[in-house]
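Hi everyone, thanks for coming. Have a look at the structure on the screen, and I'll walk you through a few spots in it.

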Amino acid sequence: MYDWVLTKFVGNVPEISESLGISPVAARVLCNRRVNTAELAREYLSPALTDDDIKDLRETVQIVKKFIASRERIFVYGDYDADGVTSTVIIYKTLKDLGADVFYYIPDREAEGYGLNMPAIGFVAENGCKLLITVDNGIAAIPEIKRAKELGLTVCVIDHHEQGEFLPNADSIIDPKRRDCASTFKGYCAAGLCYLFAKELYKSYNKPNPRESEFLIFAALATVCDIVPLLGNNRVLVRNGLIELNKKENLNIGLQALMDEKSLTEIKEYDIGFIIGPCINATGRLETAKIAVALFTTDDREMAAKWAQTLSGLNEERKRLTKLAYEGILIPDDKVIVIYDEEIHESIAGIVAGRVKERVNHPAVVLTKSSEEGCAKGSARSVEGYDIFEELSKCADLFTRFGGHPMAAGLSLRTDDIDELRTRLNENCTLSDFTAKLKIDALLDLSEVNFALAKELEVLSPFGSGNHKPLFSSLCVSLASLKLYENKNTIIFTFETDDRPIKGVCFGAEFIQKLTDIISESYPAETEKILSGVIRNTPIILDIVYHIEINEYKGNYSRELRIKDFRRHKERNV
């Protein structure tokens with residue numbers, strides 16, 4: 001169930017449309033994203049990275065150069081998700097190219113968990129580490145970095161997570177979210193920061209970066225996969241990274257192997273977020289993310305193909321485990337859902353929490369048994385209007401480990417404290433409206449939905465978190481025919497227009513049931529034949545909400561609607 005909400009834009013649509021030579025529809029989409037002047041629209045359509053005063057960026061460059069020159073050993077300490085993997089790859093390959101004695105360390109998800117830990121610090125110290133660079137972690141590792149300093153290590157942090165009450169005693173900390181950082185843009189993922197660092201490091205040597213395109217692509221991948229806001233400099237990184245990726249010139253051998261394994265040709269944000277990213281993440285979930293780092297650092301095409309197959313296979317296993325776990329869950333009728341299930345593999349707790357959140361549109365915490373006796377660990381996913389990090393922070397006394405941001409978090413606690421966590425979260429929750437909102441950019445007549453508009457909207461991409469794909473609604477639409485594929489939970493609509501019919505595709509078992517109810521209400525005897533497409537041109541009038549897409553089939557292109565919701569038309573507006 002969705003509430004349909006028409007976005008109330010503020011901006012001069014005619015002026016933007018005329019000045020930039022774009023349609024009023026595209027101009028309105030821009031205004032809805034606060035790109036509401038001709039000048040801002042020009043910057044949006046031709047974006048460039050803005051100079052950012054990121055604290056400790058240049059200081060970190062000088063520290064690293066010293067260790068490169070002395071050939072003292074450096075360890076890059078990463079993380080097991082796509083952002084942590086690509087961050088590790090960028091820094092490792094940069095330092096290797098510049099002659100450093102460098103190794104990388106990726107913690108085991110189950111045995112070690114997220115971030116720095118004491119045994120790992122002992123390991124790198126025993127193995128000759130003199131400079132420790134943490135990427136995608138470190139901002140909260142106060143006792144661990146203190147221990148590293150006691151062992152004589154120099155420590156540099158490159159992180160993008162929220163600062164806690166205090167900063168760790170590192171030699172340098174690159175994190176735009178630290179409270180004393182003057183950077184105007186705070187939304188980078190770790191790989192975005194590593195890309196900027198590598199750029200600055202090469203610049204300090206007066207050398208061009210031979211891997212500029214490769215690192216830009218990795219920064220773009222991580223920016224999409226880590227679901228950071230696709231605004232400002234992040235949008236520039238992803239836009240430019242996609243351009244480089246689709247040139248297919250001198251691509252990273254491992255990335256090319258993974259694209260070949262998944263039969264990917266033209267890459268868009270969707271392919272990164274739902275195909276490439278999950279394959280990278282699956283290594284850290286089910287085996288070790290070292291496989292993904294190895295894939296992206298190898299020069300051996302045969303090994304790359306083998307590792308790409310491994311990534312793909314692990315992701316298929318991850319899908320199977322997720323389906324099994326999700327189907328076995330009973331969702332309680334609470335404001336904040338807290339589920340403990342010992343059978344869920346801890347590496348997919350976050351995915352399952354996301355599925356639960358999507359199904360009921362309530363914040364969800366999914367916990368499973370930890371390897372530590374008497375403890376549970378898991379992940380949380382949130383909804384708009386509920387800051388899960390802030391709410392969990394109010395329960396910090398219950399956690400043995402905890403971290404995250406407003407929309408997602410990871411946590412560990414004693415199993416005896418789970419009921420108390422559930423009670424506190426629900427008692428503290430002030431959010432009352434849990435109905436998901438579809439934020440519609442404009443009402444359109446279907447006759448306005450042409451191929452030219454579809455192409456124009458593509459120019460406004462990339463879309464993602466904080467910059468959603470344009471969403472439209474058409475009211476009083478005549479259904480010409482439909483075809484149901486229940487085994488694939490898919491509906492194919494054909495709608496009548498003043499020009500020529502237009503196809504709409506809708507996915508989801510809940511929509512099949514919704515459509516069945518609408519048709520059976522008016523045509524109970526013919527419902528099955530209408531759904532199977534045997535009876536066509538039934539006078540059914542719908543209101544629909546959709547994205548406009550370009551469909552390609554055997555070299556032929558056409559506009560197509562991706563239906564997000566529909567309802568019987570009842571003389572009402574959005």
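Let me start with a word we need: helices (H or I, at least four residues) and strands (E, at least two) are DSSP runs, numbered from the N terminus. Another one is pocket: on a 1 Å grid over the protein atoms alone, that's an open set of points where a 1.4 Å probe fits, with protein on both sides within 12 Å along at least five of seven lines, and its lining residues have an atom within 4 Å of a point.

Some housekeeping. This is a predicted model, so local features need pLDDT of at least 70 and side-chain atom pairs count only at pLDDT 80 or more, while totals for chains, interfaces and linings use all residues. Residues are numbered from 1 along each chain as its sequence is written, and side-chain values use heavy atoms, with hydrogens and water left out.

So, which helix gives the most to the lining of the second largest pocket? That's H8, with four residues. H8 covers 190-204, and H4, at 57-70, also supplies at least two. The lining has 14 residues, and among the closest to the pocket's centre are Asp51, Asp52 and Lys199. Seven of the lining residues are charged (Asp, Glu, Lys and Arg count as that).

Next, cysteines. How many disulfides does a search of the whole structure find? Zero, where a disulfide is a pair of cysteine sulfur atoms within 2.5 Å. Cysteine 476 is partly exposed at 45% relative accessible area, while cysteine 506 is buried at 0%. Buried means under 20%, exposed over 50%, partly exposed in between, with a 1.4 Å probe and protein chains only.

Now the rings. Rings of Phe, Tyr and Trp (its six-membered ring) pair if their centres lie within 6.5 Å; planes under 30 degrees apart count as stacked, over 60 as edge-to-face and the rest as tilted. The search finds 13 aromatic pairs. In one of them, phenylalanine 493 and phenylalanine 495 are stacked, 5.3 Å centre to centre with 15° between the planes. Phenylalanine 493 also pairs edge-to-face with phenylalanine 566, at 5.5 Å and 70°. That pair links strand E15 to strand E18, 73 residues apart, and both of its phenylalanines are buried. Ring pairs join Phe493, Phe495, Phe511 and Phe566 into a cluster.
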